[in-house]
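Trainee: I would like to learn how to read a protein model feature by feature. Could we go through one together?

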Amino acid sequence: MTQSLDVTIPDTGFEAASPAVQRDPYPYYRWLLRNEPVHRGARGIWYVTRYADVRTVMSDPRYGRAGIRDFWAGLVGPGPLSEILRHTIMFQDDPDHGRLRAMIGPAFAPRRIRGLQRTIEKIVDDLIAPLARRGTMDVVNDVAYPLPLTVTAHLLGLPPADRALLRSWSLGIAPTLDLAAGPAEIVRGQQAMGEFVEYLRQALARRTRTGEPGADLLGVMLRATDGDDRRATVEEIISMAVTVVFAGHDTVTNLIGNGMLALLRHPGQLALLRQQPDLIPNAVEEFLRYDSPVQSNSRYLTEDVAIGGRTMRRGELAVALIGAANHDESVFAEPARFDVTRSNVQPMSFGAGMRLCVGALLARLEARAAFGRLVRLADLRLAIDDEDLIYQRSTMFRGVEELPVSFTPERGTAP
């Protein structure tokens with residue numbers, strides 16, 4: 001992450017999908033924050049950067065999501081992708097958003113999620129134990145990806161043996177959720193979504209036949225289809241399950257990968273966490289702020305809105321740059337400084353208001369468990385040159401595709 005402000009915004013406006021921004025968006029964010037915090041960018045898209053303004057865009061109902069659903073469906077075309085994700089909570093406004101959120105709320109109640117802590121810690125130990133003796137690992141693909149996917153499968157009540165299937169479908173669908181998706185990615189995504197939907201449909205049918213919906217999240221949602229006061233359809237349940245899989249692992253994968261990369265680039269901070277592991281919960285908040293796993297969130301204006309001295313018109317697209325808001329100098333002193341002891345960190349990474357991510361606590365518990373084990377690896381260091389790191393191509397998410405590290409092998413760890 002560079003500290004330079006020597007960047008140029010082209011005459012056509014800021015473009016989140018440009019390779020330079022994908023590699024390191026933060027100099028561009030700083031320029032926008034200091035010079036044009038509400039910016040009309042390339043293709044007429046509005047970009048909002050200040051912390052307070054981003055909070056407004058993320059929580060004000062005048063910035064709707066239903067229009068994003070229609071826009072995205074037009075990009076991917078007809079097929080399983082648009083058929084299923086048009087039901088997802090991510091693309092709903094109230095009252096449907098509130099109804100669907102209430103349906104899954106019991107499964108994400110804080111007491112219930114905290115009850116998963118031992119399960120999460122065991123999953124982390126099972127993942128890292130066979131790697132610790134080797135002295136090498138890919139933090140992203142060996143830990144950061146399988147951890148949230150395993151936890152999410154457990155939460156939904158899906159068999160652990162199906163994790164490889166879930167990962168395959170996830171890798172096929174994920175690129176289509178971004179505005180930068182290409183034709184080949186959309187074709188693969190349509191196929192993967194079709195297979196995933198059929199898998200979930202059969203799982204729900206088995207539970208219905210046996211009359212045992214289960215106590216897991218699928219069971220909680222399945223009960224919402226019963227009775228006179230039916231709160232959900234089968235299509236909505238399938239869509240919600242798909243959403244939980246993606247929301248439950250993409251964010252956590254990038255949170256762990258980006259956080260570990262920040263520690264490797266700041267060895268003094270890594271040493272501090274080894275000495276004071278009680279700082280890890282605070283450090284996770286700094287990871288979320290410093291290099292947010294979610295960089296942006298898009299909205300369509302349902303009416304004209306004035307913000308930051310500019311007027312956005314109904315039907316226009318507005319993008320809340322979460323990564324920029326987390327570097328707003330009016331909120332965070334020296335935002336480019338990485339400091340795991342930073343106090344009162346309240347990153348915008350999990351949204352705001354009615355859009356605050358229902359799985360935020362679960363994501364935090366997973367990250368805390370992962371870093372609690374990873375920072376104990378001795379002599380931990382990046383195993384490739386920093387410039388060889390490859391970031392995923394996405395305007396919404398930020399994370400490296402691989403993060404190879406080496407360390408002193410642990411003795412007595414099961415191979």
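**Reading helices and cores**

Mentor: Just after helix 4, Gly 77 takes a positive phi of about 80°; helices here (H or I, at least four residues) and strands (E, at least two) are DSSP runs, numbered from the N terminus. This is a predicted model, in which local features need pLDDT of at least 70 and side-chain atom pairs count only at pLDDT 80 or more, while totals for chains, interfaces and linings use all residues. Residues are numbered from 1 along each chain as its sequence is written, and side-chain values use heavy atoms, with hydrogens and water left out.

Trainee: Which residues of helix 4 are buried?

Mentor: Buried means under 20% relative accessible area, exposed over 50%, and partly exposed in between, with a 1.4 Å probe and protein chains only. In helix 4, which spans residues 66-76, the buried residues are Ala 66, Ile 68, Arg 69, Trp 72 and Val 76. Seen down the helix axis, these buried residues of helix 4 fall within an arc of 145° (taken from the directions from the axis to the C-beta atoms), so they line one face of the helix. On the other side of helix 4, Asp 70 and Gly 74 are exposed.

Trainee: What covers the buried residues of helix 4?

Mentor: Contact means heavy atoms within 4.5 Å. The cover of the buried residues includes helix 5 (80-85), helix 12 (183-210) and strand 8 (317-321).

Trainee: How should I read a nonpolar core?

Mentor: In soluble globular proteins, nonpolar side chains tend to be buried together. A nonpolar core is a set of buried Ala, Val, Leu, Ile, Met, Phe, Trp, Tyr and Cys residues joined through side-chain atoms within 4.5 Å. The largest one here has 117 residues, and those with the most contacts inside it are Phe 14, Met 137, Met 221 and Phe 287. Helix 14 supplies the largest share of this core, 16 residues. A second, separate core of 21 residues includes Trp 46, Tyr 63, Met 312 and Ile 322.

Trainee: At what angle do the axes of helix 14 and helix 18 cross?

Mentor: Axes are lines fitted to C-alpha atoms, for helices over the stretch in contact, and angles run from 0 to 180 degrees between N-to-C directions. The axes of helix 14 (residues 234-265) and helix 18 (residues 360-374) come within 10 Å and cross at roughly 35°. Among the residues that meet there are Leu 255 and Gly 259 in helix 14, and Ala 367 and Phe 371 in helix 18. Phe 287 touches residues including Leu 255, Gly 259 and Phe 371.

Technical notes. Lists of a residue's contacts leave out its neighbours within four places in sequence.
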